[in-house]
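Here are my notes on this one, as numbered points. Keep the viewer open while you read.

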Amino acid sequence: MTVTSEPSSESAEATPQFEKAAQRKESRRGFLLALPSYLYLIIFFVIPLAIVLVYSFATRNRFGGTDLSGWNLASYERIAEPIVRTILFRSLWLAFLTTIICLLIAYPFAYFLATRRPAIRNVMLVFVMIPFWTNFLVRNFAWRVILGNDGPLTKTTEFLGLGTHELLFSQKAVVLGLVYGYLPFMILPLYAAIERIDGQLIEASRDLYGSGWQSFRNVLLPLSMPGVIAGSILVFIPSLGAYVTPEILGGAKTTLLGSYIVTQFLTARNWPFGAALSFVLMAIMLVGTVIYFRKGGRTL
Amino acid sequence: MSTAVEPRGWAKAALHINGWLVYIFFYAPIALLVLFSFSDNRNVGIWGGFTLDWYQDFFDSSNARGALSNSVKIAIVVTIISVILGTMAALALERFTFKGKKVFDALLYLPIIIPDVTMAVMLLLFFGEFFDVLDMLFGLQLRKGFWSITISHIAFNISFVSVIVRARLSGMNTNLEEAAVDLYASRWKAFRHVTLPQIVPGIAGGALLAMTLSLDDVVITQFVTGPGWTTLPVYVFGLIRKGVTPLINSISVIMLLASMILVVLSLFAERARRGG
Amino acid sequence: MTAAVELKAITKKFGDVVAVDNVDLAIEDGEFFAMLGPSGCGKTTTLRMIAGLEFPTQGSLSIFGEEVGTLAPNKRSVNTVFQNYALFPHLTVLENVGFGLKMQGVDKGETRSRSMEMIELVQLEGLEDRKPSQMSGGQQQRVALARALVNQPKVLLLDEPLGALDLKLRQEMQLELKKLQRDVGISFVFVTHDQEEALTMADRIAVMHEGKLLQVASPEEIYETPANRFVADFIGRTNLLEGTVSDSETVILTNGTSIRAHSNFAAGTRVSISIRPERAKITQQNDDGNPLSSVNGTVETITYLGNARVYGVKFTWMSLEVREENRPGVQLYEPGTPITVSWDHDAISVVAD
């Protein structure tokens, strides 16, 4: 901090005490600036989080309400049940699938983007971001329409003589929707990482008799790995907790973690269990984020 | 990266095709949606001649209009408060050191990474308990509604705004503020005349993001909303689960339009950022 | 006469690091004063303390007799030209220049006229409605100068003002700055790590190293009679011969040779004899010279500089540089030639660490 604060109007000789007092005054200013947001987050974020934790140890009483006395681990134990485990693994698996597919599509695209002229690059990037900025709900709905029973996709497959498709309300549809929603999250970090690589390294590889594939495997891929990791985490984490997409495109057969949690609160009325599940989801996210930052991920 | 490393032959063709496919993949659904919103057919997804009936339905539907106005009212209040708090937080983190700064910094990131669902649950439980406590202590009977939604939206938007403003602040030359006080400006005047103009594009970007996130939010709003305060996304989400209708289509396109406008505005803010 | 800026026992600590160590300094009114030293020597910190951008940990700082050490920067009649100019990008040149006046509450009309006057003084008329990004480095620097001087400060501070300019421009600006200072009349205090720049521009130079003030003197004094080994080595090029003081007129080099050199150090003090390359002469090896002011050796390298030649002369126990102006008719020596290097015993100095 370089700009110094105003001391008393009487100027005197400098002393260490004065210096400390000036620093403290500066510190206090900063603290006061941060205080409103700090307090806000503590009241409306940290405390709610704590309440979730507390609820996860509570019991569901007969009427679907929550009994806060009598702490127990029943909710957490329930997570080990087969149904829950299935849902959990299904969610992890779909999130993983989404991530891999995004990676396969985004990597060539990011490379393509990074090798365009600078002027074109920015325009192309903007056009990648625009759909991302439009309403999430709407974008999922668009796929709902396209995949509908009489929708354009069916028309196309019938036209091609492939009969009807069964994409809607299946896991495939959910993955499709998730990929559609989170592809930009994979493209951006990959692009940033690849763009930063010195092109001369690839040229050097070819100069040293490396084929295209070898140059990719031995030079490009390792150097772009931070981007790969960053993108993967940025896609995997939201996919894991997705709710809207599975609801709209998934249907009853493919219950995922997000929907399952919501059900606990809206229909099944087992709030402690829902709280426990939310907390577990949050914990997985935190672990993923820590890995992201450890691997040198940068803030968006 | 220099363009000299463009691959040759089939790899080049494959890359180009992949590029185009991605763009088609992104825009086709949106384009189709817009197209079908004008289709005169109860079955969304089948073309049946041009019509504006569904947009008429939207204007006729008081539920839809009500939801829209709720969304806008909430978004405006949320944006204003989030921008003020978020900017203050960004300034504190970028220009000062104080006790507990690291904790504050970490705390600010949590709302960004936390899943929607968890946050929705958190706030649902919170308001439940909070209202109980108020009732117990003051006999005050509050219900979920405008303020529970607004408070919830602000809770995550402060972080997003602060990230954007921080980026802008850290890229700024700190000598400028020193030059200002060297030229007889008080701390406040230095902020108003030098720092603020420099970060305005960041604040604008943050405001647009906050508005977008508030207008878009589904899950959190669904959990903390109260009677009479349905927002547009929640309304649409409810409709979708009951079945696909052309009305949803037209509302969707309207929402799309609103998003597009915000995107274009943010692009101008970006241009201003680079220019100044 | 009251000094324009006076520092007494000024110390600045950042945690455990002592950036400025007990500095006593008096800068006279109307001086072009340079603070010179390598990176990290404390010169910039000292400048910032005069500006008010840092508060000293200890000591007295006064401007024309008035104690200002703990006064905020916006209350001191001192202005700064920053290293990268720190021009406000969102304001025009005119608005930049008038910024200080506006902050002081000067009315619009007067602000405008005084700013325009300044802009003309630095020869930027016609450009006042441009933004800084539309100007070259040299022009930006002039805007920064105008912006500072328009407030009629008592002292002008400049932090490495010419660092960002290319060589030719830098040399031009050196002369312009010198002229500007004479026209305006106030003290200019500028910080640089370029000793040539300091020698060219300053009336007096303060050499700093590791937070300590080593010497404050005119360029001639600093060059001819450096206060210690560091100053001798930092300013210009020099040959340093290690030895010990034998008596007030003699120093015995580490290889045993006696050299005539005047000094005031106690006998036995470890010293270096500083011989500037241009003060030494090369002649064919002979025995005519004064053995107390010459050494014999062989030419090892010749570096051609266009306007001079630098001979690297090798001795059994060290090497020396001798600089010979490239005048017509001067004798040239080939590598391998045995020669004698000699000098005037008055033209050397003895320095301790």
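1. Let's start with chain C: 43% of its 353 residues count as buried, meaning that 20 or more other C-beta atoms, placed from the backbone, lie within 10 Å of a residue's own. Before you go on, note that this is a predicted model, where local features need pLDDT of at least 70, side-chain atom pairs count only at pLDDT 80 or more, and totals for chains, interfaces and linings use all residues. Residues are numbered from 1 along each chain as its sequence is written, while chains are lettered from A and ligands numbered from 1 in the order in which they are written.

2. Chain C has nine helices and 20 strands (DSSP runs numbered from the N terminus: H or I of at least four residues, E of at least two). Its C-alpha trace spans about 80 × 45 × 35 Å along the principal axes.

3. Now the neighbour: 16 residues of chain B are in contact with 17 of chain C (C-beta atoms, placed from the backbone, within 7 Å). On the chain B side, α7 (175–182) and α8 (187–216) each give two or more residues, and α7(B) gives the most, with six.

4. Have a look at helix α1 (residues 16–56) of chain A and helix α6 (residues 146–170) of chain B: their axes, lines fitted to C-alpha atoms over the stretch in contact, come within 10 Å. They cross at roughly 125 degrees, on a scale from 0 to 180 degrees between N-to-C directions. Residues making the contact include Tyr40(A) and Phe44(A) of α1(A) and Ile151(B) of α6(B).

Note on methods
Two residues are in contact if their C-beta atoms, placed from the backbone, lie within 7 Å. A residue is buried if 20 or more other C-beta atoms lie within 10 Å of its own, exposed if 12 or fewer, and partly exposed in between; C-beta atoms are placed from the backbone.
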